[in-house]
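Look at the sequence and the structure below. How do the strands and helices come together, and which residues lie at the centre of the packing?

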Amino acid sequence: MNKLVVFPTELAMRRYQQEQALKHGWVDASCHTTFSRLLKLCLPYAAVKGSRLDGVQHLLMRRQVIEVASGHFAGRGALGDLSDNALGDVLDKLLVELASMPGEATRIIDWLLDHHRKNKLYQLGTLISVWRAMVKQEGAADQLDVHLAILKLLKGNREKWPPLLRDCRQLTFKAVRWFNPFEESCVAALNHKLKVRIGSAMPP
């Protein structure tokens, strides 16, 4: 396939297809996909270190991490006052934020841990460090590991990409409002290997 058009969401893709069908009477959707589909397509080709956590494994590890981290906090500081459920919510939000910035994750954790032990930032660093240590210990892979592997794939040899991307000559991201840092890194990596165009969803 020489051309590939990537949409931010399924809804944005369907809207575009409907508009084109109404305007021209037909639409060729064979080259249309979404960002999430594109990333899933890359997964079998990415060298993810460890077994990806499923929903149940994530919840079990989350519970273990909270128990260990709570022992470190010993009821002190901002996180020490939280219930297990609230601490779990904090951990989930941390995981989402770090996974969206895979290239900076290590530096962010180091920065958090560089604060005083009673500081909330240090406790956040401790919480995520316990999670990362347990993931590694169990030979597992979380979303951060997955994103790191995908970025490494896209920055590497194009011949190792999935065929849909490898054979693409023109890649267009359409109806874009914004990219999160991970998506932006993916687009930048792709732009080094092939011709990338970005179409904004915002009016000119």
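The paragraphs below go through the sheet, the helices on it and the nonpolar cores. The model is predicted.

Begin with the sheet. Four strands make up an open sheet, and their order is β2-β1-β5-β6. The strands pair in the parallel sense. The edges are taken by β2 (32-34) and β6 (195-200). Each of these two has a single partner strand, so one side of each has no neighbour in the sheet. From one strand to the next, the twist averages 25°.

In the pairing of β1 with β5, which is parallel, there are four bridges. Leu-4 is found opposite Leu-171 in β5.

Next come the helices that pack on the sheet. Helix α1 (residues 10-24) touches β1, β2 and β5, and its direction makes about 155° with that of β2. Helix α10 touches β5 and β6; the direction of α10 makes about 140° with that of β6.

Now turn to the nonpolar cores. The largest one has 28 residues. Ile-150, Leu-154, Leu-165, Leu-171 and Phe-173 have the most contacts inside this core. Two or more residues come from each of β1 (3-7), α2 (35-42), α8 (143-155), β5 (170-176) and α10 (181-193). The most come from α8, which gives six residues.

Which residues does Leu-154 touch, leaving aside its neighbours within four places in sequence? Leu-154 is in contact with Cys-42, Trp-161, Leu-165, Cys-186, Ala-189, Leu-190 and Lys-193. Another core, of 23 residues, lies apart from the largest one. Among its residues are Leu-124, Ile-128, Met-134 and Ala-140.

Conventions. Residues numbered from 1 in each chain as written. Predicted model: local features only at pLDDT ≥ 70, side-chain atom pairs only at ≥ 80, totals over all residues. Heavy atoms only, no water. Core = buried A, V, L, I, M, F, W, Y, C linked by side-chain atoms within 4.5 Å. Buried < 20%, exposed > 50% of the residue type's maximum accessible area, 1.4 Å probe, protein only. Contact = heavy atoms within 4.5 Å. Pairing = 2+ DSSP bridges. Axes fitted to C-alpha atoms, helices over the stretch in contact; angles between N-to-C directions.
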